[in-house]
Amino acid sequence: MPENFGIIFRSRMLVYQFIHRWDVLTEARKARKGNKFWILDTEFWILPLMPLFDAHCHLQDERLFQHLDEAMQRATNAGIGGLMCCGNCEEDWPRLPGIVRRFPQVRLSFGLHPWYIGKRSEAWLHALKTHLTTTPSAVGEIGLDHALDKATFADQETVFLTQIHLANELQRPVTIHCRRAWGRMMELLDEKGWPAHGFVLHSYSGSCELVQPLVRRGAFFSFSGAITFDQNRKGREALITVPLDRLLIETDAPDLMPLLPPDAPFISGSQGPINEPVYLTEILKVAARIRNAPEQELAEITTRNAEELWGQLLGVNYFGFRNTIKLI
Ligand SMILES: [Zn+2]
């Protein structure tokens with residue numbers, strides 16, 4: 001290998017970034033006025049405006065799926081360069097690979113969500129394993145939900161633990177849904193084992209006291225549009241407490257509609273406006289204000305964190321942030 005290989009490689013990557021990102025970046029600059037267009041990066045000398053990463057959404061959901069072309073165009077124009085799309089039940093898993101073929105910036109997770117465990121077939125685990133082993137993907141969304149009927153709790157735990165076991169076996173990161181079950185989740189996973197290849201607590205709703213114990217267990221914390229509401233003090237305190245290197249942001253589209261400015265564009269669904277990935281820019285704005293941090297810094301760190309958590313899945317140098325020389 002020639003001595004100057006590293007320099008040549010870096011230069012080529014730089015040219016590649018310019019060519020492939022120019023359109024997106026020009027639009028992003030318009031959409032996110034006031035940010036500096038160029039930022040310096042120690043690994044890559046100079047990088048254009050950082051793309052955003054939506055750490056959790058459900059593009060396969062019919063409410064969004066029927067408007068997917070326009071929704072994805074709006075997201076791209078606003079600088080969202082990557083999205084993690086989670087399949088939640090047996091019926092929606094087959095729809096996911098087709099979405100990636102249409103939109104290569106989408107990454108996938110397959111999981112059985114606690115809301116749908118009652119509808120699972122006998123072959124659910126086999127089907128899940130087949131999807132996970134035939135498509136580059138992570139595990140999720142899976143979890144515990146104590147807002148559901150108590151009679152389902154034992155079954156929820158069985159399904160949750162089975163999928164964590166599968167994720168560890170296949171060496172995949174996990175997306176966890178936990179609602180009103182924080183104590184039980186800690187107890188259960190302390191006993192049975194935490195996901196060994198990274199995990200994110202999506203739309204984090206736990207307390208700020210729980211943040212450090214969860215950090216020690218390897219958690220990333222993803223914040224949704226719930227933080228845009230002033231009355232959500234608990235969520236905002238947690239957002240401030242989470243270490244920067246464990247922070248992610250998400251829309252959970254088409255659910256969890258954030259509080260939006262009156263001039264925001266809507267996709268009008270039959271049951272009223274629905275949440276879509278473009279609103280990640282609003283969530284970023286509010287998160288930056290609450291943490292008293294520049295928007296651009298938060299955009300950069302959350303995108304890097306997504307790369308850290310789902311790195312292998314995103315592909316080497318997905319956004320061009322990694323020092324690719326080390327990885328060759
Ligand atoms: Zn979700």
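## Helix 3

On helix 3, the exposed residues Asp69 and Glu70 (exposed: 12 or fewer other C-beta atoms within 10 Å of the residue's own, the C-beta atoms being placed from the backbone) sit on the face turned away from its buried side. The buried residues of this helix, which spans 68-77, are Ala71, Met72, Arg74 and Ala75 (buried: 20 or more such atoms). They lie on the same side of helix 3 because their arc around the axis is only 160°, taken from the directions from the helix axis to the C-beta atoms. Gly79, with a positive phi near 95°, follows helix 3.

## Model and numbering

The model is predicted: local features need pLDDT of at least 70, side-chain atom pairs count only at pLDDT 80 or more, and totals for chains, interfaces and linings use all residues. Residues are numbered from 1 along each chain as its sequence is written.

Eight strands make up an open parallel sheet, ordered 3-4-5-6-7-8-9-10; strands pair if DSSP finds at least two bridges between them. Strand 3 (52-57) and strand 10 (247-249) each have a single partner strand, so one side of each lacks a neighbour in the sheet. From one strand to the next, the twist averages 30°.

Three bridges join strand 9 (residues 219-223) to strand 10 in the parallel sense. Phe223 has Ile249 of strand 10 as its bridge partner.

## Helices 9 and 10

Helix 9 (residues 233-241) and helix 10 (residues 280-291) have axes that come within 9 Å and cross at roughly 70°. Helix 9 is therefore roughly perpendicular to helix 10 (65 to 115 degrees).

Methods:
Axes are lines fitted to C-alpha atoms, for helices over the stretch in contact, and angles run from 0 to 180 degrees between N-to-C directions. Helices (H or I, at least four residues) and strands (E, at least two) are DSSP runs, numbered from the N terminus. Angles under 35 degrees count as roughly parallel, over 145 as roughly antiparallel, 65 to 115 as roughly perpendicular and the rest as oblique.
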